[in-house]
Amino acid sequence: MTTRPEAPLPFDIPAHPSNDDPRVTLEEQLGVWEAVPPFPPQTEREAEFYTLRDGEMLINIGPHHPSTHGVLRVVMKINGEQVVDLDPVLGYLHRGVEKIAENADYHQTISHLDPLEYVASLFCEWPAVIAYEKLLDCTVPRRAEYIRVLSGELLRISSHALALGFHALDLGGLTPILYSFIERDEIVEMLAALTGQRMLFNYFRIGGVNGDLNHEFMSRLGDWMSRAVGQVEANMTLLNENEIFVRRNRGLGTMDRETALRMCWSGPNLRATGVPFDLRRAHPYSVYPELDFDIPTREEGDALARFLLRIDEVKQSLRIIDQCLHQMPDGPVMAKLPRLLRPRPGRAFAAIESPRGEYGVYAISDGTDQPFRFRIHDPSFLHLQAFNLLMPGNLIADWMALNASLDPIMGGVDK
Amino acid sequence: MDPALRRRLEGRLGDRMTGPVRQRHDETEIRIGPADVPEVLRALYDEPDLRFRYLADLAGVDTGTAMQVVYHLWSDTTPDWLRVIADGLDRDAPRVPSITFLWKGAEWMEREAFDMFGIVFEGNRDLRRIYMPPDYRSFPLRKDFFLPDDAARSPGAGIRQMERSHSPRDATSTTLVRRSKAG
Amino acid sequence: MALTPERPALDTPAGPERSLVGGDPSAVTTPIVVANGLWSADDPAAYGGGPAGLENAHLAEIERSGAAYRDDARWGALDVIPTKADYLLDLIRMNSLWPLLSGLACCAFEMMSSATSKNDIDRWGMFPFRASPRQADVLIVAGTLTTKMAGPLLRLWEQMPEPKWSVAMGDCTCSGGRYKRSYATIQGIDRIMPVDVYVPGCPPRPEGLIYGMMKLQQLVKARRGQWDERRVGPSVPEGI
Amino acid sequence: MTAMTRAWSRVSIVGKAILIGVPALIVVSIAAVVGLVILGPAALDFLAANLPLVRFVVAVTAILLMTVPSAFLIIYMEMKVIALMNLRIGPDRVGPYGSLLSVIHGLKVLMKEDFTPTGADPIVFTWAPVVVYMAAVFSLLVIPFAPGLFGQDLNVGLLYFFAMGGLTVVGLLMGGWSSFNKYSLLGGLRSAAQVVSYEIPLTLSVVGVILLAGTMSVNGIVLAQSGSVLDWFIFKQPLAALIFFIAATAEANRTPFDLTEADSEIVAGFATEYSGMRFGFFFFAEYVNVFIVSAIFVSLFFGGWTSPFDWPFPVALALDPGSLGIGLLLLLAVVPVVGTLVLGAPFWLARPDRPTWEALVLGFIAFNLVAVAVILGWAFISFDWAIGLAWFMLKTYLFVFTFVWMRGTLPRVRIDQLMGFAWKWLLPAALLNLFVTAAAIVVVAR
């Protein structure tokens, strides 16, 4: 029941045993670099995983691999081409953002959040500013809220387009990813016209946004919206009618509703299993109650369902952008706030619906100008641990399809 | 802010709480002892008028004097977030029962809390370091773990420099620890 | 790069064992400044004075000092063979730089974007992003390098066959950038591996990466096959 | 001594080659001249005695030299075509429209460091690329490029071709096994399973063609299709052509069957540990295989070098250069000068500020182009082998383009789908095609 009963806690964790493991030194002399079984194993799960039965071998996918979407490392126990079990190893991109945020000013904290989900940076800033506004009891101008929703939905479209393109790339299709990157480049260019940065826009501020809409952004947006629907449709029909693509994804990694909820899934991956859980409706946080859009769900819960659900979400985001442009009121985009923020001691939690699911921030203020505790909750971190459920029994090539359909961003997983 | 939820919580879990129910904005906060975590969370999960079926977040907190484990739950019966704080863990040997029997997805979040704070979740069958390398010696998010003013000028800049120069043993005395006034 | 320290004394007689640049450690810390031959700024002092100074300043001094020949006068007239052959080979290498498909963090997306339709790095022959380090020429370190990833990255660098080059893309890899204070990152990859070209920016635009790769092309051509021994060490001197 | 070894180690590859090669060349040439003077007549008699041996050696050398530029051409074609499919520009810096970039890639790969990883089996590791490349080159021997233009007209040509195709997998398996890398091992075993199971429908689909042609010599099969377009076997054996095309795609390890080097799954497959020129051999062999597969497909089903239609206006240019006598010399002396001046005039008129020598150089280049075009046209209408070669290359590169097109379009299949498709669909279809063809032959013959 308890883990590592032999080790007194918590201060003397045994040093990494692979240094004095005789097998390791031998293999290093041979020049072999592979998943070395930890010796002795620290937990029951580790001991179970690293004991090989006959016919099985360990293969090490990552941390540098073309289709791991970053620096994810997965140790696979395979029998021939069939994956028996696998053990994801994280932390190759752990940058200590929480600790840095606890040592930074409230305003500086927001800029440190951008590189977490570097595909959808604005969604990392959003929960933080909402939590700080709760701590400060300040109200945001409605125009600022509309601008947040507008830029956020634009970024959601680009993130989903990239996810679909990489899904095709990991299955061996070369072309769709470039078509997705055309969309993504157009969107990030117009957001760069709005925010000043191309990828890590440090745009949201506590109590509003950094700047009002400008002419270049509006002209680029109108130019793009005039042909966005057609382009999205065309890019998607590259894939969702391809027989090879459909046959490789249908029935792969099927997840049911109850298990998905117990695995703390959220976002498109959860909605693809049939649960209509979308924080924009389940726990409204901005002007989303005033907007009219649907929550697409699918019942299959397999990789193909996740793929098709993202296509539906892109169409809904286009609807939301259209409404924002029509309903946006005039007025200021920043609330009146002091330069140096010292909120009252208290705790605040805020969560938003990012392209990958529930992105949350839990902030504790102790009255100083720095957050006392800053906790980041990332959805892909929780999606990744479903590998142990979905993967065994499938082939190695299926892991790439499954990983691409879950669409993790390692910057957010490894904080 | 949902007063009905407050009444329901006090009626159902009044004896377990170690403090009053706090409510602010759209959040409701209760505090319990670490030993009561399984019972309280199972009750919150199963009660037909509570139905907190979705675990939004699991966070460890080091207040400088004690450790806390904070659970955020979501339910379709209330517009509030429910925050359950398991308070008063010993800072030298923090232990709390695991909740992987309710939410299997909490396994990695508990691993993260163990990696960052050294909190031991009894019942988690895979409690390893998840972010830092296995031979890492200290817990970065504790309040007695200090960041260097300029890492470039720190001793032994390069691979794995931080756990050598900034483990709790080498750190300065714990009088410098920021203690939370928020409690 | 603008603040270069005083160059090492080049008039010291070059012994038979002394290689080109790697003689004294101070030479390694001296950045190789490749003048801008692509476009000229209004201020003639900016970017090395525009197309005028196409020659590699640092190596030009070495050639003028007479230490440019690896084996000084042992071959006599036959020196033509290695020198000119390497010059030709460098012209070939310059036009076919296969990057390693190694994205670490945010910059990886701008690296991919530099290979896509809008700004097509395939035009310079840099497109086939090889997945295996055995077949790659350039290691573009795109993204934050953490202490846990440093070992695998060093292994990749050692697995790449010579001649090989490395490009540090992004502030995190140049100097630590916004994670300078972090407990888990390496403040600049030049602490653990040699770097040929630095591309600052957080992240740099794809055009910036392409400009850096064209600078790398100039570097490959300007070195004329005279390669210093690769050493680990900050290329930016202390005090900057 | 150490000084000499150090100096020698400092010379680059080309320097060493020159330092070794030039004296050796001198010695060999002197020896050759002496040998010819002494025993020239005997050697001539020997060569005349066994002409097939001479023909074989010449053919192998010519084909071995021919594969490299064709591989360069196909690589450039793939880079450019896929770039255009991706809405990119593709290589455009090296050479006109980047046409030299593939050559640059090849030379660079030649100059890279080449090493054997620790733990690998050095002998097998070294010979695997050679086996792959030689299998590709030898299987080109039986392909008729034009009437009378083929390496060897074996009466078991098709069997020889399939045997060589089976030899390729041995090389891939050697490379995958000896690399001491799990990705390489998976890639090698994948290629073994894939190629071995696709050999069977590939061979069975051709049996119908063999029955119709009555011979197994590829040249004989092409001759059996000579005539009108309707004699091509694509119209008599459409199902066999389809099966052959699919199976041949798997044979050549091309998308969507490129599981052996699936770079998004197993990093580079069997070639993961290969660097330098050994990787270059694999790289070339892949594209030579594409050319071979297209060539054999054209030869078996699309009439090889036979032209689809008779030349509309039969031109017979009876030009005997010897009849001109001294006029020929005058022609050779005058025509280049006049042509250069005439063709250079427009350049000079276009921009009078252009220096004259530049206009003359441009005119000379233009004249050379015109002369080459004229000579080729003369050969085209005078020699039937030129016509056949032109048609053959046209058809072949049409199918090479098809392979590139598929690579730019299709995703990759899974290994179990691959094997299931081979054994559940292609093999029964091939057998059905064989039975139907045999029955039809019996019925028609009666």
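Reply: Happy to! Two residues are in contact if their C-beta atoms, placed from the backbone, lie within 7 Å. Please keep in mind that this is a predicted model.

With that cut-off, 47 residues of chain A are in contact with 45 residues of chain B. On the chain B side, two or more residues each come from strands E3 (54-62), E4 (67-74), E5 (81-89) and E7 (120-122) and from helix H3 (106-117). E3(B) gives the largest share, six residues. By type, that side of chain B holds 23 nonpolar, 15 charged and seven polar residues.

Now to chain C and its sheet. Chain C has three strands and seven helices, and from the N terminus its elements follow the order α-α-α-α-β-α-β-α-β-α. The three strands form an open sheet, ordered E1-E2-E3, with parallel pairing. Strand E1 (138-142) and strand E3 (197-199) of chain C each have a single partner strand, so they stand at the edges and one side of each is left without a neighbour in the sheet. On average, neighbouring strands of this sheet are turned by 20° against each other, direction ignored.

Of the contacts in chain C with a separation of 6 or more, 76% are between residues 24 or more positions apart.

Notes: Residues numbered from 1 in each chain as written. Chains lettered and ligands numbered in written order. Predicted model: local features only at pLDDT ≥ 70, side-chain atom pairs only at ≥ 80, totals over all residues. Helix = DSSP H or I, 4+ residues; strand = E, 2+ residues; numbered from the N terminus. Nonpolar A, V, L, I, M, F, W, Y, C, P; charged D, E, K, R; others polar. Pairing = 2+ DSSP bridges. Axes fitted to C-alpha atoms, helices over the stretch in contact; angles between N-to-C directions.
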